Amino acid sequence: MLNDIELATLAYKLQTPMVISDILDGKETYDGDAKYALHEAISEMKPDSALLAICLSALKIANIYRNASSSMDVMSIEATRIINEYGAIWVKNANNQDLDGDEVFDTLIHTTEDLETMAELLDLNCSFLRAKDSQAASICDVLFTQAHSHAMIADAFINAADQMVVNGTVPNIQAQRSGYSDNVIQFPGASV
């Protein structure tokens, strides 16, 4: 489980959750340009970083509407689980700590499934939010679109890794160590 400092560091490094938090807190305006910028920022991330950014942002929305609907509570629980699971590895890598390659791969292999789960929960909660908070609903739509898109990207990476194994090549799973990266590992088949 991540402590408050690790969560703050994660949100700061990913930036998108902080921007969304500022929008929801009324510190930043949310217009067409901001919506486009959020789409662009998340789309440029690797799937695991995008998953963390989406979950941190979804958790902010869920905390605002805690106990307002059971689907919002489920989204909060699932986002928290994913943040703790992936975030621990992400923070270790950001701090240049040693990572177990098998543990990293065992976590990342579930990225597609976790992105799809978050996409479903975001879609469900967007419907709920449309009647309560149109701005939060619009942000939820952005997060849904990005979760769905990154699920397809993560699936392609995993399929490429599976194909390498079928062809007799074991993918080299190494955590990046060259300063800050927005990805825990270089996904198999992706270029640096």
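## A loop residue to start with

Let's begin at N96, which sits in the loop between helix 5 and helix 6 (101-108). Helices here are DSSP runs (H or I) of at least four residues, and strands are E runs of at least two, numbered from the N terminus. The phi of N96 is near 55 degrees, a positive value in a residue other than glycine. With 46% relative accessibility, N96 counts as partly exposed. On this scale, buried means under 20% relative accessible area, exposed means over 50%, and partly exposed is what falls in between, using a 1.4 Å probe and protein chains only.

This is a predicted model, where local features need pLDDT of at least 70 and side-chain atom pairs count only at pLDDT 80 or more, while totals for chains, interfaces and linings use all residues. Residues are numbered from 1 along each chain as its sequence is written, and side-chain values use heavy atoms, leaving out hydrogens and water.

## Another positive phi

Q15 has a positive phi of about 65 degrees, although Q15 is not a glycine. Look for Q15 in the loop between helix 1 (4-14) and helix 2. Its relative accessible area of 39% makes Q15 partly exposed.

## Salt bridges

Side chains of opposite charge can pair when their charged atoms come close. The rule used here asks for a side-chain nitrogen of Lys or Arg within 4 Å of a carboxyl oxygen of Asp or Glu. How many salt bridges does that rule give? The count comes to 5.

One of them pairs K60 with D25, and their closest N and O atoms are 3.1 Å apart. K60 belongs to helix 4 (residues 47-64) and D25 to the loop between helix 2 (16-24) and helix 3 (32-43), so this pair ties together parts that are 35 residues apart in sequence. Both partners are partly exposed: K60 has 23% relative accessibility, and D25 has a relative accessible area of 40%.

R81 and D114 meet through their side chains in a salt bridge, with 2.8 Å from N to O. They link distant parts of the chain, as R81 is in helix 5 (residues 70-94) and D114 is in helix 7, 33 residues apart. Is each partner buried or exposed, or something in between? R81 is partly exposed at 33% relative accessible area, whereas D114 is buried at 4%.

D141 is partly exposed at 25% relative accessibility, and R130 is partly exposed at 47%.

## A negative patch

Which residues form the negative surface patch? They are E113, E116, E120, D123 and D155. A patch takes residues with over 30% relative accessible area and no salt bridge, joining like charges within 9 Å and nonpolar side chains (Val, Leu, Ile, Met, Phe, Trp, Tyr) within 5 Å. Asp and Glu count as negative, Lys and Arg as positive, and His and the chain ends are left out. The charge is placed at CG of Asp, CD of Glu, NZ of Lys or CZ of Arg, and accessible areas come from the Shrake-Rupley method with a 1.4 Å probe.

Helix 7 (residues 111-130) gives the most to this patch, with 4 residues. D155, in turn, lies in helix 8 (residues 134-166). With a relative accessible area of 35%, D155 is partly exposed.

## Buried residues and their partners

S138 has its place in helix 8 and counts as buried, with 16% relative accessibility. Its side chain is joined to that of Y30 by a polar contact of 3.0 Å. Such a contact is a pair of N or O atoms within 3.5 Å; within protein, one must be able to donate a hydrogen and the other to accept it, and residues adjacent in sequence count only if both atoms are side-chain atoms.

L38, found in helix 3, is buried at 5% relative accessibility. L38 and I139 are 101 residues apart along the chain, yet their C-alpha atoms are separated by 8.7 Å. Over in helix 5 you'll find M75, buried at 0% relative accessibility. M75 and A58 are 17 residues apart in sequence and 7.4 Å apart in space, C-alpha to C-alpha.
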